[in-house]
Structures are given as structure tokens and as C-alpha cells.
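Hi everyone, thanks for coming.

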Amino acid sequence: MSGNEGDELRTFVAARLPHLRRSAFLMCGDWQLAAELTRATLARLVVDSRRGAVADADVYAYADLMESCRKRNRRREHVFVASAGAEGVAAESILLLDALHKLAPRCRAVLVLRYWDGFDVEATGAMLDLDDERVGAYERAGLAALEKLLTESEAAMAG
């Protein structure tokens with residue numbers, strides 16, 4: 001790896017770290033675990049980039065992170081853990097995060113990548129190894145379920 005490639009990789013890691021960590025948090029609900037998963041993903045990205053095994057750093061990083069979150073969610077029950085400074089967090093944000101974590105993992109991953117990270121259908125599909133049609137199906141199902149969960153939560157709070 002040339003010095004220029006190393007600089008580009010450092011710049012990529014520094015720029016993506018906060019976004020990847022937020023995405024990991026949205027997937028797993030725990031800031032400490034999110035930081036752990038993000039560090040591990042970026043470490044693999046660096047190693048594999050140096051070996052020449054990474055064609056697109058964004059696709060690699062987000063795909064690896066989503067897979068790490070999926071594996072992690074399979075091994076333990078989700079427990080939402082707010083950040084230390086969460087006193088000022090709006091109730092609506094907590095309801096949204098809680099509802100997001102009740103979604104099936106693929107639906108949640110599609111919504112996080114599409115709506116929080118701003119990736120298009122094609123990039124989301126590449127990251128999750130899904131065709132465009134499946135991305136659209138997970139997106140529609142996730143949005144419908146999210147709307148239902150939020151409506152139920154709001155009704156419970158009002159009642």
C-alpha cells in the first residue's frame with residue numbers, strides 16, 4: 001500500500017467512524033457495543049484493504065457492520081441502553097428507537113441504511129446481499145411495521 005492509499009484509508013476511517021457507530025447503535029441499541037462493533041469492522045477494513053481485498057470501502061464497512069450486528073443480535077436479547085447524556089432525549093426519539101428495535105433485523109438494517117445513512121436501493125442491496133426487489137420489500141414491510149408500532153406506543157402513552 002502506498003502512502004497515498006494509507007492516507008486515503010485514514011481519512012475514510014476518520015470520516016465514517018461516527019456514522020458507522022450511529023448505525024451500529026441503531027442496529028444494536030447499546031452505545032458501548034456499537035463502538036466495539038465499529039472498531040472491529042474498521043480494523044477488518046484496514047487489514048483487508050492492505051491486502052487489496054476491498055473494492056468499495058463503504059460497501060465493505062457497512063456490509064461487515066450489518067453482519068456483525070445481525071450475528072450479535074442472534075446471540076443475545078436486545079436491551080436498549082441510552083447514552084450517558086440521554087437526559088435531554090425527547091420521548092419521541094426513545095419511542096422511535098424502541099420501535100426500530102422491535103423490527104426484524106433485515107427490515108431494521110434496510111431502514112437504517114436507507115433513511116439514517118442515506119444509501120440508495122442499489123447500495124443497500126450490495127451491503128446486505130439483496131436484490132433491489134428484496135430491498136424494496138424489506139423497506140415497505142419495515143416502514144409499515146414501524147408506523148404500526150409507533151401508533152400503538154403513542155396510543156398507550158395517551159391512554
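I'll start with the whole chain, then go to one helix, the cysteines and the aromatic rings.

Before that, a bit of housekeeping. This is a predicted model, so local features need pLDDT of at least 70 and side-chain atom pairs count only at pLDDT 80 or more, while totals for chains, interfaces and linings use all residues. Residues are numbered from 1 along each chain as its sequence is written, and side-chain values use heavy atoms, with hydrogens and water left out.

Okay, the overall picture. The chain has 7 helices and 0 strands; helices here are DSSP runs of H or I with at least four residues, strands are E runs of at least two, and both are numbered from the N terminus. Of the 159 residues, 40% are buried. Buried means under 20% relative accessible area, exposed is over 50%, and partly exposed is in between, using a 1.4 Å probe and protein chains only.

Now look at helix H5, residues 105-116. With 12 residues at 1.5 Å each, H5 should span 16 Å, and its end C-alpha atoms are 15 Å apart, which agrees. That expected span is 1.5 Å times one less than the number of residues. Among the buried residues of H5 are Cys 107, Arg 108 and Leu 113. After H5 comes Gly 118, with a positive phi near 75 degrees.

Take Cys 28: its nearest cysteine sulfur belongs to Cys 69, 5.3 Å away. Cys 28 is buried, at 3% relative accessible area.

On to the rings. There are 2 aromatic pairs in the whole structure. Rings of Phe, Tyr and Trp (its six-membered ring) pair if their centres lie within 6.5 Å; planes under 30 degrees apart are stacked, over 60 edge-to-face, and the rest tilted. Phe 25 and Trp 31 are stacked, 4.1 Å centre to centre with 0 degrees between the planes. Phe 25 is buried at 5%, whereas Trp 31 is partly exposed at 22%.

The other pair, Tyr 62 and Phe 119, is edge-to-face, at 4.8 Å and 70 degrees. Tyr 62 lies in helix H3 and Phe 119 in the loop between H5 and helix H6, so this pair ties together parts 57 residues apart in sequence. Tyr 62 is buried at 3%, and Phe 119 is buried at 15%.

Technical notes:
A disulfide is a pair of cysteine sulfur atoms within 2.5 Å.
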